[in-house]
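Welcome! Take a moment to look over the sequence and the 3D view before reading on.

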Amino acid sequence: MIAVKISFLLNGDPVTAEVPDQVTLLEMLREHFELRGAKEGCGYGECGSCTVLVEQEAVNACLMLAAFVNGKSVQTVEGLAGKQCRLDPLQEAFVEHGAVQCGFCTPGMIMSAKALLAENPRPSRDQIRRGMAGNLCRCTGYAKIVEAVAAASKRGCSCGESS
Amino acid sequence: MAKVLEPESGGVALQAVGKRLPKLDALDKVQGKAVYIHDLKMPRMLYGKILWSRHAHARILNIDTSRAEKLPGVRAVITGYNTPEIKVGFLKDNPVLKKDKVRQYRDEVAAVAAESLEIAEEAVRLIEVEYEPLPAVFDPVEAMREGAPLIHEEKGSNILKLPWKLICGDPDEGRRQADFVVEETFLLPWVTHCCLGTSGCLAEFQPGGNLTVYSPTQIRYLAQRDFLEAMAALGLKDKRVRVVSTAIGGAFGSKLDTYPFEFITILLAYYAGRPVKLVFSREEEFFATPARQKVEAKIAQGCTREGRLTFRDVEMVLDNGAYTSWGATTPSVMMMPISSLYKVPNVRYTARCVYTNNIYATAMRGYGNPQATFAIESQIDALAEQAGFDPLEFRMLNANTAGEVTPQGFKVGSCGMKECLEAVRESLNWNEKRGKRNGRGVGVGSLIHVGGGARIYKSDACGTIIKLDDFAKVTVMSGATDMGQGSDTVIAQIVAEELGVCIGDIKVIMGNTDLETWDVGAHASRTTFVAGNSALYAARSAKEQILALAASLLNEPQEDLAIKNSVVYSRRNPAVSMQLERVLRAAHFKTGGTQIVASHFYDPPTQMLDKEMKGNFSAAYTYGVHGAEVEVDRETGRVEILKYVIAMDVGKAINPMLLEGQLEGGAAMGIGYSLMENLQTEKGKVLNPNFLDYKMLTFADMPEITSIIVETGERFGPFGAKGIGEPPLVGSAPAIANAVYDATGKRVRSLPLTPEKLLFDADGSEERGGE
Amino acid sequence: MRRFTYHEPKSIADAVHLLSAYGEKARLIAGGTDLVVEMKQGKKEPDHVISLRSVPGVNEINFSGGYLRLGAMVTHRAIERSPLIRERFTLLADAVDNLGSVQVRNVATVGGNICNGAPSADTAGPLLALDAVLLVEGPEGERNISLNEFFRGPGKTALAANEVLKQIIIPELPPEACSRYLKHTRRKAMDLPLLGVAVTLIPEAGGEICREARIALTLAAPTPIRAIRAEKHVAGKPFYRAVWEEAGVLALEDSSPRTSFRTTAAYRKKMICALLPRAAAEALERSGRTMKG
């Protein structure tokens, strides 16, 4: 089988994987690394459930070939919470503001929000809506997610580290 | 009959109920730790894949699976010809693997289990099926005609033998009494659930023949019963079936029935002798999951000069698709608004469900009510206008009230309809904004829905088991299902309140038929009411046991004792107290000791509908009003929602934050239904099986929602609560259509309310005349 | 997805070499947001997938000598974030502002958007209205293709199978020019245009008269088009709404919209008439002027 060797930083740790050429980043994360937080909601980049960060930018892991992250950094929802049960402020805000219902879209939502706040630490509600429009949710009507992201931004969740 | 429940707080402020508490499983979900069917893996697990027909109606001449069988990694290939026949659906008209002929473009013809999904997909491509196309019919009206192709020949007709009919009073006399009458026809499209997590299940046989099915079902126990039938077909009649719930990635009614794919997975697991998981792709989810059906509704309503409704006459044709799932029984719920939304003394309703070669119909949030309410409430505006009334005033005149018995026999307990109308009037600034015809307009849509369960089956019950450990930690095992709506949390709040413990001490377990007692399923907005009451009674029973033990430990009369903050104390003399955990340990660690276990099986005080379709089939009724202010771009026909308000009589908000989540999420689905969503089919094939072309709302499309919660205190509800899962989308479409009419003078009688329909006639070809 | 071999050449010449060697069995991948979908759907099944991501320079934005040069691998996000483009080539910023999601814009490239030849490509109209020229490299060396000549049909372009798009070259606009791309959609995000209208206006001195207008339409025909009749009609005339309404009607003559399950030809026609004057008016507003009448 044709396989490509990929070395990259995964949630801060240097890792290497050998996967077939046609494997997507999402497949590699879920199957090879058993990180199943990122979900396949559509496989076509239309729902955002698979959102992870590559070089701090949000991408649809379902559309990206695994080979594309060679030499890059990848962050998934599993890399957000710190040690000793400490959540990222965004995760806390999603919990506290009722932004989670069925939860299938949640990891992707949080990663999109992470990238949004990294670029724009104090987004308006409209900027949140536009910036996260690539993440679909069928349960919440989005309102509580907007609230959660706005609340996290007030708490100063801007850069990579939880504070 | 159940007792009237009152909170046992004895006038003390509620500790847990009424609080904005986070959803219990949110912590797992924000960390990506919740396990959905997509995430589940078993040792030696195989992957299943279905071969779908690519003809809407055709005879199967031959299925050649030989090439698929030879593909390395393939472990089972099944068809209708090498497996026992299993028919599903409540009319048992749907063979899980089709033999002899296919009746829809998405029919299950064969299936494969293989070592990887890629191999399974490849194997399915290698199966060759020879078809002889048959004449097909896609329009239910055509399908009713003499000589139309028969979908099920043995039935002799495409019209289902479910003659839905309800007559209350004398509708013809009601029409004669009317000074004003409006008659119209409304059309509603196929729409679908769009669960972010696609459907799927995992089946695993234990040695000896017992079966476990992991599934995101909404009906664990009914599914167990259905799967037992499959076991019987396999000759495993006396074996056990265990259904284990995974985290549910959205349901909205889509998982309220068992479907061929689940039985196919069981068959594959059986024949392969390995666990098999089958998960739909997004495309399959769109074309293979049954949907909310297409409806044509002819409706007439009339009123007197004084504005009193005198009659309502509705005739419907429902596209059932090729097989029968829960789409065919939605008329039983459509009857509710038709007979009982507003005080209307004379009512006639008939509905025919018709087989076609389309995709088929199932339950979806609102269960027929959105279709019926769109017709009724759009027309209420037209009737009000004709009779010279402000549409909101007209609704106030005819509004339902507490204590009434509706023509269908519903005994209305609490009813906050007038309060909701007033709240929406104020929020929309109705009196100022209405009637301008300047491209901006306001509209409302009222609704009624079941709020106290719905006795569709002989039992509408839910069981709960509660146990307390030696450290006063509480485990609640509930038959209910949480699919994201927050039932876990609401049940915990009710138990916390009743037991006097904090919510952090409660764990709610749902999702294993071996552990919990029965529940009919997460439908009909019933879980807070029915599972909530079940949990409340079980908690009360546990509390009585605890207080009896504490009474002897504290030497106090039991009736004086109460629990608060996990301390048992005397209400008469609060100094006399004992930590709850000490009470529990004292009861346990002694000769002949005991641990507290309590259970309750709650069935609401309701009746099944009788032969005339009358009776009080829910213990409570939920009322609400949607209001919208819109702006219509006259050049492009685009509708912009400027303001959206929902006022909902919920009885009592157990958790206002989660409740708002239901209102906002329902509104999003309702606005999508109103403006954009449309599962388009052509000759039975779904044209838009993806999120790009099936337009559910995005973040950017969602207006701010104003939620107004009206608390009326329902006599039978847990702490006064009524059900609320479905109503938040029921009134959307008429509110928006009425607002568009107010803005433009154009009445669009079909959904979705597209720019094309605003600028052109329905077919998009001929331009409409002026205003 | 079907199996394929992944290649990451280090130069355009190497990429051309691979394309020549594998012929029809090879596909270039840029961001992959279209190709990966098509491969998953089985619509394209290449044996070799060739990525340009290791080729130096193809993701650069360069403005000098009167030309804006966009490397083929410049992402939509990079365009979105470029103050220069937002200021001087505003309609191109309009195009990417509402193209797919942030996730898609982070990886999807302007070269990919053009080379797919999709009738709905959001950058196509604006680039047409900017008189863009494509610099491509093949086995015989480099050549320029005017974007006007590039689109040959749905999914078809003038690019040969062994040619690679290197750069999109856009002539600078005079400072008095203004522009607008209007994307008319059902949803406010994550949508394809039902119709796209791109307008570049270059006024005469004084700003009252339209010296030159470039008008491009997407989904008005099987490929993105320039509405030449409409352009001729407005040239030399004052910025009056009536003139632009007439231009809308003339643009219909340049168009041949289709009815599909997404919308009807009749609706698209109506939108051409409605949105051309609107796009022109909004372009003018950006330079502080207003459409009269």
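## Before we start

This is a predicted model, in which local features need pLDDT of at least 70, side-chain atom pairs count only at pLDDT 80 or more, and totals for chains, interfaces and linings use all residues. Residues are numbered from 1 along each chain as its sequence is written, chains are lettered from A and ligands numbered from 1 in the order in which they are written, and side-chain values use heavy atoms, with hydrogens and water left out.

Let's begin with chain B and chain A. The size of an interface is often given as the accessible area lost when the parts come together. Here, about 3,900 Å² is buried between chain B and chain A, with carbon and sulfur atoms giving 60% of it (buried area is the accessible area, with a 1.4 Å probe, that two parts lose on being put together, summed over both). Of the area that chain B buries against chain A, 23% comes from B:V30, B:L196 and B:F699, more than from any other three residues.

The rule finds 8 salt bridges across this interface of chain B and chain A (a side-chain nitrogen of Lys or Arg within 4 Å of a carboxyl oxygen of Asp or Glu). A:K39 and B:D39 form a salt bridge, at 2.6 Å from N to O.

Now for chain C and chain B, which bury about 2,200 Å² between them, 51% of it on carbon and sulfur atoms. Three residues, C:R186, C:R187 and C:K188, supply 33% of the area that chain C buries against chain B, more than any other three.

Across the interface of chain C and chain B, 7 salt bridges are found by the rule. C:R186 pairs with B:E756 in a salt bridge, where the closest N and O atoms are 2.5 Å apart.

## The domains of chain C

Chain C has domain 1 (5–51), domain 2 (61–171) and domain 3 (178–286), with bounds from an automatic or database domain assignment. Taken over C-alpha atoms, the centres of domain 1 and domain 3 of chain C are 35 Å apart.

## A look at C:T90

Is C:T90 buried or exposed? C:T90 counts as buried because its relative accessibility is 17% (buried means under 20% relative accessible area, exposed over 50%, partly exposed in between, with a 1.4 Å probe and protein chains only).

A polar atom of the C:T90 side chain lies 3.0 Å from the backbone oxygen of C:R86. The C:T90 side chain also reaches the backbone oxygen of C:E87, at 3.4 Å.

Conventions. Polar contact = N/O pair within 3.5 Å; in protein donor to acceptor, adjacent residues only side chain to side chain.
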